[in-house]
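Please look over the sequence and the 3D structure below before reading on.

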Amino acid sequence: MTYPKILTIQDISCVGQCSLTVALPIISACGIETCVLPSAVLSTHTAGFSGYTFRDLTDDMPAIKDHWVKENIKFDAVYTGYLGSTKQIEYVADIFKANGTENCVKIVDPAMADNGKLYPGFDTEFVAAMKKLCGEADYIIPNITEAAFLTDIEYKAEYDRKYIDDILAGLSELGCRNIILSGVSYREGKTGIVVYENGLYSYYEHDKLPNSCHGTGDIYASAFTGALVRGKTAFEAAKIAADYTVECIKATAEEENHWYGAKFEPVLIKLINALNQ
Ligand code: PXL
């Protein structure tokens with residue numbers, strides 16, 4: 001990959017520092033050409049705002065794909081985030097096949113749930129389709145809630161290593177080769193990332209900050225994707241993305257009223273520096 005080209009498929013929440021408004025700047029800052037396919041346009045994200053607009057772009061996807069096929073446009077990596085409908089998940093699988101280079105890296109963030117609950121608008125049919133898509137991915141990046149839905153294992157806020165091992169086994173059964181499981185905390189004041197590559201477990205632990213903000217999952221997945229495509233190993237990419245996300249949360253804690261997203265912009269330079277080390 002001399003000058004890699006990524007396609008990222010997720011919604012545009014016009015306001016809210018999540019999905020495409022996070023993925024596009026972060027992956028671009030990693031020095032990678034970033035193409036986008038918006039899955040939906042919302043006036044804001046759905047976590048904490050009410051009365052948001054939602055324009056589903058599912059029906060536009062096949063024609064966009066066909067145009068790219070006609071123009072012989074191929075992507076070295078495809079990274080998916082929040083998808084707007086079950087049908088869209090099927091279209092994404094078509095894009096994996098039709099628009100990926102021979103060694104295209106497929107990264108799926110099954111962005112659909114957090115804190116034990118599905119996001120508004122998602123149902124069991126969507127979860128079933130997401131299970132299939134995860135089976136086709138090279139890397140999946142769920143949090144524990146998403147992993148619990150994907151494996152039909154009961155969500156627990158407190159757990160031990162055995163619970164995590166069961167989740168990893170369940171995710172592997174879907175067909176995922178590499179699993180990046182975020183928000184795994186085994187002790188007070190700490191949290192971390194499990195990197196499970198072809199059955200091998202490793203763990204990067206870092207401080208758990210007292211404040212949390214919306215959109216950090218998208219920041220994490222975008223930074224991971226950027227670092228991976230820049231040639232870092234999965235573990236290095238997981239570490240770089242975790243350290244960057246922590247910096248974003250710290251930057252956000254300085255302002256009380258910034259509840260809807262994380263201030264990822266001022267600390268982008270730290271991500272770039274980490275990539276160049
Ligand atoms: O950050 C995930 C996300 C992305 N897009 C939309 C969302 C959410 C989470 O709530 O609502 C529209």
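The report takes up the ligand site and then the packing of helices.

## Basis of the model

This is a predicted model, in which local features need pLDDT of at least 70 and side-chain atom pairs count only at pLDDT 80 or more, while totals for chains, interfaces and linings use all residues. Residues are numbered from 1 along each chain as its sequence is written, and side-chain values use heavy atoms, with hydrogens and water left out.

## The ligand site

Asp 11 places a polar side-chain atom 2.8 Å from a nitrogen atom of the ligand. For Thr 46, an N or O atom in the side chain is 2.6 Å from a ligand oxygen atom, and a polar side-chain atom of Asp 218 lies 2.7 Å from an oxygen atom of the ligand. The protein buries 98% of the 310 Å² that the ligand exposes when taken alone (accessible areas come from the Shrake-Rupley method with a 1.4 Å probe).

## Helix 3 and helix 4

The axes of helix 3 (residues 86-99) and helix 4 (residues 124-135) come within 8 Å and cross at roughly 10° (axes are lines fitted to C-alpha atoms over the stretch in contact, with angles from 0 to 180 degrees between N-to-C directions). That makes the two helices roughly parallel (angles under 35 degrees).

Thr 86, Ile 89, Val 92, Ala 93 and Phe 96 of helix 3 make the contact with Glu 125, Phe 126, Ala 129, Met 130 and Leu 133 of helix 4 (heavy atoms within 4.5 Å). Eight of these residues are nonpolar, one is polar and one is charged.

## Helix 2 and helix 3

Helix 2 (residues 61-70) and helix 3 have axes that come within 10 Å and cross at roughly 5°. They are therefore roughly parallel to each other.

Technical notes. Polar contact = N/O pair within 3.5 Å; in protein donor to acceptor, adjacent residues only side chain to side chain. Helix = DSSP H or I, 4+ residues; strand = E, 2+ residues; numbered from the N terminus. Parallel < 35°, antiparallel > 145°, perpendicular 65-115°, else oblique. Nonpolar A, V, L, I, M, F, W, Y, C, P; charged D, E, K, R; others polar.
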